[in-house]
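User: I have just opened this one and would like a guided look. Could you walk me through it?

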Amino acid sequence: MALRAPHLYRPLRGFCLGAFRVLCAELEGGGELPFAFEEHSSFGRPALYEYRPLVRTFLESRASMLMRREGARIAIDELRDEPAARIFSRAHAGARANDEDALFRTVVLPLLVSTAEACGGFDWDDASFDRAYAELESSLFGEGRAYAAVAPLVGLSAGTQIELGDGVRVRAAPTGELAAHWPEAQGLLPQDFGREPDRLCVLELERDLTRGDAEPPDAPAELADAVTAIRLATAGPVAAGPVLFERLDWRPYGIRPVLPIAATQPGGEPTRLDEFRGRLAADLRVRLAQADEDRELGEALDRWELSLFQQEPFRAEQLRASLSALLGGMDGMWAASVRAAVLLGESAGERGELLGQLKDERPPPDTVRRALVEVLMHGDRAQLVDTLDESILGLRPRPQSYFALRTAV
């Protein structure tokens, strides 16, 4: 094969050969290579079962021992001097990991895993190593890199792929997709994932990285924003996780936890993400960035999302605090209730009914959700509040409701 980096090929091949020898000796001495009994479930179809050797699990449990070998230190030294490996040296190998540990766990060990999986164990095959190394070179020295993070999504169904913008989407999860890269994934999925209608989708972030990028996207934060946007758009009990699976150039890159508030499923009946609410979720996901500059808006969103997981009377307290932060400001809850009623009510009678509900000790959760959506879609919260006050005084027409222009959510 044509090598682009002979200085990496020789030490990496030497490490893998040495590791195969050590591991073969362990198996011949009575060690066991574990197998996974995988169930591939599809909604409405019989389950398929497959035995797969857990090469990755077997090797990762011996990672510390393998890293202490002389061949590993030589390979890591060569990689440390290679600028193209910078993104791997920043990979997620633990909060306190140094470059050596990160390079070993995201380059050297995955190369060993890929070779062993291609060999079906630890009977060495030159062609299998060469293919695995060629994939590594392509990842290291290509013009760009294809990054993806995928998290199981529960609490909703989707008939088609829904684009949420900037490489974020909701799509169906093909049978065995995660297990193909992570044989141990079955134990990390939500209960009944792949079997129930509201547990057949994944939330995906896909991004092209330019050559020289040393940091991958902040996938936990971006997917958490997407979950918040979907919750606002659908009022459904949506959650992602509990972990997300990362790929870099279609090679396993890492497994990270999803942020707790996005990974916890609220109560409620499953919902459906259709095209209209998908467009709304896409718009909201972008507009959530407003909360970075608007402390009151951020407080309102946090309080509302926390209310999804609480029981009365604590839920009502969170909802009132959310509405007050959103539209009350220094004027308090009464002003927030009046402004929200004007914002959401299309007629005088409807506004009066909404005001009565919002002044209650337990404001309707869906009304607070709709108010958050309206404020986010209007854009400038401070200007919207001024407009609402002028509308109350009869100085100008009330702002046009987002929901009045479209089918109600």
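This is a predicted model: local features need pLDDT of at least 70, side-chain atom pairs count only at pLDDT 80 or more; totals for chains, interfaces and linings use all residues.

User: Where does alanine 235 lie? And what is its phi?

Analyst: Alanine 235 is in the loop between helix 9 and strand 8 (helices, H or I of at least four residues, and strands, E of at least two, are DSSP runs numbered from the N terminus). Its phi is near 60°, a positive value in a residue other than glycine. Aspartate 166 also has a positive phi, near 60°, and is found in the loop between strand 5 (162-165) and strand 6 (168-172).

User: Which peptide bonds are cis?

Analyst: One of them joins glycine 241 and proline 242, with omega about 15°, and this proline lies in the loop between strand 8 (239-240) and strand 9 (243-248). The bond from glutamate 312 to proline 313 is cis as well, with omega near 5°, and proline 313 sits in the loop between helix 12 and helix 13.

User: Moving on, how many residues does the largest nonpolar core have?

Analyst: The largest nonpolar core has 67 residues, and those with the most contacts inside it are Leu164, Val170, Leu203, Leu232, Leu284 and Leu327. Such a core is a set of buried Ala, Val, Leu, Ile, Met, Phe, Trp, Tyr and Cys residues joined through side-chain atoms within 4.5 Å. Helix 9 (residues 219-234) gives the largest share of this core, nine residues. Apart from this core lies another, of 39 residues, among them Leu33, Ala75, Ile76 and Leu112.

User: What does leucine 203 touch?

Analyst: Leaving aside neighbours within four places in sequence, leucine 203 is in contact (heavy atoms within 4.5 Å) with residues including Ala149, Leu164, Val170, Leu223 and Ala240.

User: Now helix 17: which of its residues are buried?

Analyst: Arg381, Leu384, Val385, Thr387, Leu388 and Ser391 are buried in helix 17. They cover an arc of only 165° around the axis, which puts them on the same side of the helix; the arc is that of the directions from the helix axis to the C-beta atoms. What covers these buried residues includes helix 12 (295-307), helix 13 (314-328), helix 14 (332-344) and helix 16 (365-378).

User: What about its ends?

Analyst: Aspartate 380 caps the N-terminal end of helix 17, with a side-chain oxygen 3.2 Å from the backbone nitrogen of alanine 382. Glycine 394, whose phi is positive, near 80°, follows helix 17.

User: And arginine 339, is it buried or exposed?

Analyst: Arginine 339, which lies in helix 14, counts as buried, at 5% relative accessibility. Its side chain makes a polar contact with the side chain of aspartate 331, at 2.7 Å. A polar contact is a pair of N or O atoms within 3.5 Å; within protein, one must be able to donate a hydrogen and the other to accept it, and residues adjacent in sequence count only if both atoms are side-chain atoms. Not counting residues up to four places away in sequence, arginine 339 also touches residues including Val385, Leu388 and Ile392.

Terms used
Residues are numbered from 1 along each chain as its sequence is written. Side-chain values use heavy atoms; hydrogens and water are left out. Buried means under 20% relative accessible area, exposed over 50%, partly exposed in between (1.4 Å probe, protein chains only).
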